[in-house]
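I want ring pairs first, then anything charged sitting on a ring.

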Amino acid sequence: MAALDGLPPLRDVIARHGLDAKKALGQNFLLDLNLTQKVARTAGSLEGVTVFEVGPGPGGLTRAILALGAKKVIAVERDPRCLPALAEVAEHYPGRLEVIEGDALKADFESMAPEGPVKIIANLPYNVGTQLLVNWLLPRQWPPFWQSLTLMFQKEVGQRIVANEDDNHYGRLGVLCGWRTESHMAFDVPPQAFTPPPKVTSTVVHLTPRLNPLPCDPDKLEKVTMAAFGQRRKMLRQSLKPVGGEALLAKAEIDPKRRAETLSVEEFCRLANLL
Ligand code: SAM
């Protein structure tokens with residue numbers, strides 16, 4: 001389709017720069033500029049906002065974010081083959097796109113964050129997506145440096161992020177996300193929307209920080225949820241044995257016969273605070 005920003009269609013960009021998708025880098029590109037705009041719009045107004053993007057690839061989502069008025073995009077891309085294509089986008093939007101070549105897992109986003117509002121928007125590489133999300137959820141300082149996260153995941157991961165108790169997808173990720181954020185799945189994206197198509201449906205998840213999450217030490221919360229969900233079919237008196245078992249549950253006034261997936265985030269925080 002013709003690009004609204006006057007830049008060449010992404011298919012041409014990919015062909016010209018020889019960006020054959022590499023599976024090891026989780027490269028499933030979005031070439032439909034309507035769709036990249038829909039992802040970027042899910043983040044709300046971008047006027048005056050600095051956006052961190054992970055894995056811009058050939059720049060489809062980056063272009064949508066810039067076209068929607070972001071003050072600046074700081075993008076971290078691991079694949080050096082993408083840099084010339086991104087340089088063309090940077091030239092089209094002078095001073096508004098900074099590309100950092102490197103591994104986003106090693107990037108210190110917080111220290112790169114400028115003054116003013118920051119949002120994170122990304123079509124994440126599936127192999128590192130969950131770890132990046134966890135890193136963004138675990139800074140000691142809260143509320144964090146970002147105002148929102150708008151992230152594409154495999155649908156199954158999206159379901160785990162937004163899950164509440166008594167949901168089959170509820171687990172460690174759901175507790176962590178539910179503790180510090182409010183989240184929802186915005187819309188699904190079918191495999192054929194990507195080049196090459198992945199095997200599964202994807203989904204865009206939008207998360208915003210809770211301004212006053214229950215006071216809780218993230219390390220202790222992790223300890224409790226790891227024990228509880230490590231043996232999710234067992235009763236808590238069994239699964240929580242390594243962290244205090246029946247005595248801990250009694251102090252927290254939680255029935256030891258319950259299973260991990262029935263506990264609310266508030267109850268997990270109560271247990272963590274009693275460790
Ligand atoms: N944003 C583009 C789009 O929507 O079409 C590309 C998304 S593709 C799913 C994931 C991108 O992340 C690829 O460009 C890949 O090279 C990059 N990537 C993979 N692992 C990375 C890492 N550890 N750090 C930064 N970028 C990474």
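Predicted model: local features only at pLDDT ≥ 70, side-chain atom pairs only at ≥ 80, totals over all residues.

**Aromatic rings**

I started with F268, which is buried at 0% relative accessibility (buried means under 20% relative accessible area, exposed over 50%, partly exposed in between, with a 1.4 Å probe and protein chains only). Residues are numbered from 1 along each chain as its sequence is written, and side-chain values use heavy atoms, with hydrogens and water left out.

How many aromatic pairs does the structure hold? I get six, taking rings of Phe, Tyr and Trp (its six-membered ring) as paired if their centres lie within 6.5 Å, with planes under 30 degrees apart stacked, over 60 edge-to-face and the rest tilted.

One of them is Y170 with F229, edge-to-face at 5.8 Å centre to centre and 90 degrees between the planes. Y170 sits in the loop between α7 (155-162) and α8 (172-180) and F229 in helix α9 (residues 218-230), so this pair ties together parts 59 residues apart in sequence. I take helices as DSSP runs (H or I, at least four residues), numbered from the N terminus. Both Y170 and F229 are buried, F229 with a relative accessible area of 10%.

Next I checked F229 against F268: the centres are 5.5 Å apart and the planes at 35 degrees, so the pair is tilted. F268 lies in helix α12 (residues 265-274) and F229 in helix α9, so parts 39 residues apart in sequence are tied together.

Elsewhere, I found F52, F109, W136 and F145 linked by ring pairs into a cluster.

Last entry: K38 lies over the face of F187, 4.2 Å from the ring centre (the cut-off being NZ of Lys or CZ of Arg within 6 Å of the ring centre and within 35 degrees of the ring normal).

Methods. Helix = DSSP H or I, 4+ residues; strand = E, 2+ residues; numbered from the N terminus.
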